[in-house]
Amino acid sequence: MDFASAAPSVVKSIRQRDLLNTWLRLYARQQLAPAIWEYQPDRLEEELSDLIYYTVDNSGPTPSLTIQSEGTRISRAYGHTGKGILLEDYVGPRLAPFVMPIYHECVARGLPVYSVADVDDIYGRVVAYERLLLPFLTDDRVSHVIASLKTFCEDGGFEIKNLLRGNDALPRPKLRTVIDRDLFHRTPGRIVAAGIVESADQAGGPDVTAEIIELN
């Protein structure tokens with residue numbers, strides 16, 4: 001799975017950008033991901049329903065992630081909560097090839113990873129599934145990951161229940177990026193009005209094509 005290089009401006013959601021900006025302020029001190037206990041963004045309580053916390057075990061050939069949250073809004077999309085369950089087991093063999101490489105890239109790079117995929121709700125409405133992963137270090141290794149998961153439908157309302165398990169259509173990846181450029185927090189008066197992000201050809205499937213996205 002290939003990942004494009006991106007700047008923080010690739011993130012669309014204002015709430016996700018706020019979460020990322022808090023991470024960037026901590027990262028800027030030593031150009032390293034912060035520790036999980038240092039991360040205290042404003043209005044965190046308002047975002048908890050869209051956040052999933054993971055612990056990372058790096059002892060195996062590939063890192064394993066264990067879910068530490070329960071009762072989140074996104075658990076309705078999977079049909080059940082997953083506290084204490086390995087992420088790979090939670091998403092299941094059907095979705096794991098689409099999900100796990102994104103988390104593994106975040107752990108391997110120690111940098112935020114942002115992805116967007118289209119999924120269909122049980123009524124066939126197209127829903128954009130936006131995932132921001134933030135890594136955190138202990139003893140110079142990624143020990144925790146926080147995922148911010150947002151859903152958006154241009155048609156308005158949609159059914160989140162069983163969103164990721166309710167039909168036979170697999171997620172359709174639209175964007176996979178590692179945020180590795182401009183890793184500093186811009187004050188609101190200095191945010192660039194428009195940025196260009198180039199997304200490379202993806203190896204995940206024929207539906208993922210090279211694209212230029214202009215953010216206004």
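Q: Which residues are linked in a network of salt bridges?
A: Arg15, Asp18, Arg43, Glu46, Glu47, Asp50 and Lys150 are linked in such a network. The model is a predicted one.

Q: What lets side chains pair in this way?
A: Side chains of opposite charge can pair when their charged atoms come close. The cut-off used here is 4 Å between a side-chain nitrogen of Lys or Arg and a carboxyl oxygen of Asp or Glu. By this rule there are 10 salt bridges.

Q: How far apart are the closest N and O atoms of Glu47 and Arg15?
A: They are 2.7 Å apart, and the two residues form a salt bridge. Glu47 belongs to helix H2 (residues 44-47) and Arg15 to helix H1 (residues 14-27), so the pair ties together parts 32 residues apart in sequence.

Q: Is Glu47 buried or exposed?
A: Glu47 is buried, with a relative accessible area of 5%. Arg15 is partly exposed, at 33% relative accessibility.

Q: Which side chain meets Glu47 in a salt bridge at 2.9 Å, N to O?
A: That of Lys150. Lys150 lies in strand S6 (residues 141-152) and Glu47 in helix H2, 103 residues apart, and the pair links distant parts of the chain. Both Lys150 and Glu47 are buried.

Q: Which residue forms a salt bridge with Asp120?
A: Arg172 does, with the closest N and O atoms 2.9 Å apart. This pair also links distant parts of the chain: Asp120 is in strand S4 (residues 113-120) and Arg172 in strand S7 (residues 172-179), 52 residues apart.

Q: How do Asp120 and Arg172 count by relative accessibility?
A: Asp120 counts as buried at 16%, whereas Arg172 is partly exposed at 23%. The cut-off for buried is under 20% relative accessible area.

Methods. Residues numbered from 1 in each chain as written. Predicted model: local features only at pLDDT ≥ 70, side-chain atom pairs only at ≥ 80, totals over all residues. Heavy atoms only, no water. Helix = DSSP H or I, 4+ residues; strand = E, 2+ residues; numbered from the N terminus. Buried < 20%, exposed > 50% of the residue type's maximum accessible area, 1.4 Å probe, protein only.
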